[in-house]
Amino acid sequence: MSRMPPFHVADSVDRHRPSFVRGSLGAVLIAVLLFAPLPAAGQYSMTAPSGVSIDFDRDRLLLMRERSVTLWDELQEDPEILYYTAYGRDLDDDDRSAAYPWNAIEVVTDSLAAVITPGNLREADRAYYNYVVLRMHAVREDPDVSCDVVFERELEAIDGFVDGWVIARTLFGGPEYEPLDEFAFAREEGVLSGMMAARSDRQLGGCLGVWRSANADAVAAYEEWREERYAAGRE
């Protein structure tokens, strides 16, 4: 893997952008793609291993893109945010855990983070950027809260990740990557929280076990859905 670029401080356009371009050209291109006009087609689809599809209409995708633009702007323009980006190794389906957002990014504080995008999923940058900004939002909140609140904050960050992944896949020609496609299908089915718990979202810390114990039915519902509807028929 190539050497990681240095941290970048987004304290001014002149200071930040040149080093950002040198560190990650793909991350700069994301801004152009995010603001590009949507194609005229009215429906966009993703297909699960089982053959089940989910459709996204243009208006819904536009909202996802607008949210991603807002978060992207915050990452670049907030003068207190310090971050670096890099591309890691290529991943196949057996490396799914490495691609999960809670493993691919590191939020150190509410304004310090690292984002490592899999080398073969560069179009997914926007999804990881969404997640890292929303994780920073969560870190800024009162830490003295129940595990349910901790879980809800992380669910919001994952929801932003899904938005970024969906527009990467449907609008900008990102390659299929089943481990991340599953997030979109799980959200559509209403089992995203169970997926987070079942897949050991490390951002939940000590609340992961607490939430699992109190919500065993949600984890079971996810596992049942995945086996019977999402991955059914896979060789």
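Guide: One term to start: contact means heavy atoms within 4.5 Å. This is a predicted model, where local features need pLDDT of at least 70, side-chain atom pairs count only at pLDDT 80 or more, and totals for chains, interfaces and linings use all residues. Residues are numbered from 1 along each chain as its sequence is written, and side-chain values use heavy atoms, with hydrogens and water left out.

Visitor: OK. What does Ser200 touch, not counting residues up to four places away in sequence?
Guide: Ser200 touches Trp102, Leu208 and Arg212.

Visitor: How far apart are the C-alpha atoms of Ser200 and Trp102?
Guide: They are separated by 9.2 Å. Along the chain, the two are 98 residues apart.

Visitor: And what joins the side chains of Ser200 and Arg212?
Guide: A polar contact of 2.7 Å. That term means a pair of N or O atoms within 3.5 Å; within protein, one must be able to donate a hydrogen and the other to accept it, and residues adjacent in sequence count only if both atoms are side-chain atoms.

Visitor: Where does Ser200 lie?
Guide: In the loop between helix 9 (192-198) and helix 10 (207-214). Helices (H or I, at least four residues) and strands (E, at least two) are DSSP runs, numbered from the N terminus.

Visitor: New topic. How many aromatic pairs are there in the whole structure?
Guide: A search finds 10. Rings of Phe, Tyr and Trp (its six-membered ring) pair if their centres lie within 6.5 Å; planes under 30 degrees apart count as stacked, over 60 as edge-to-face and the rest as tilted.

Visitor: Which kind of pair do Trp72 and Tyr129 make?
Guide: Their centres are 5.2 Å apart and their planes are at 35°, so the pair is tilted. Trp72 lies in helix 3 (residues 58-77) and Tyr129 in helix 6 (residues 125-140), so the pair ties together parts 57 residues apart in sequence.

Visitor: Is Trp72 buried or exposed?
Guide: Trp72 is buried, with a relative accessible area of 3%. Tyr129 is buried too, at 2%.

Visitor: Which residues form an aromatic cluster?
Guide: Tyr100, Trp102, Tyr128, Phe161 and Phe183 form one. Trp102 is also touched by Ser200.

How values were computed:
Buried means under 20% relative accessible area, exposed over 50%, partly exposed in between (1.4 Å probe, protein chains only).
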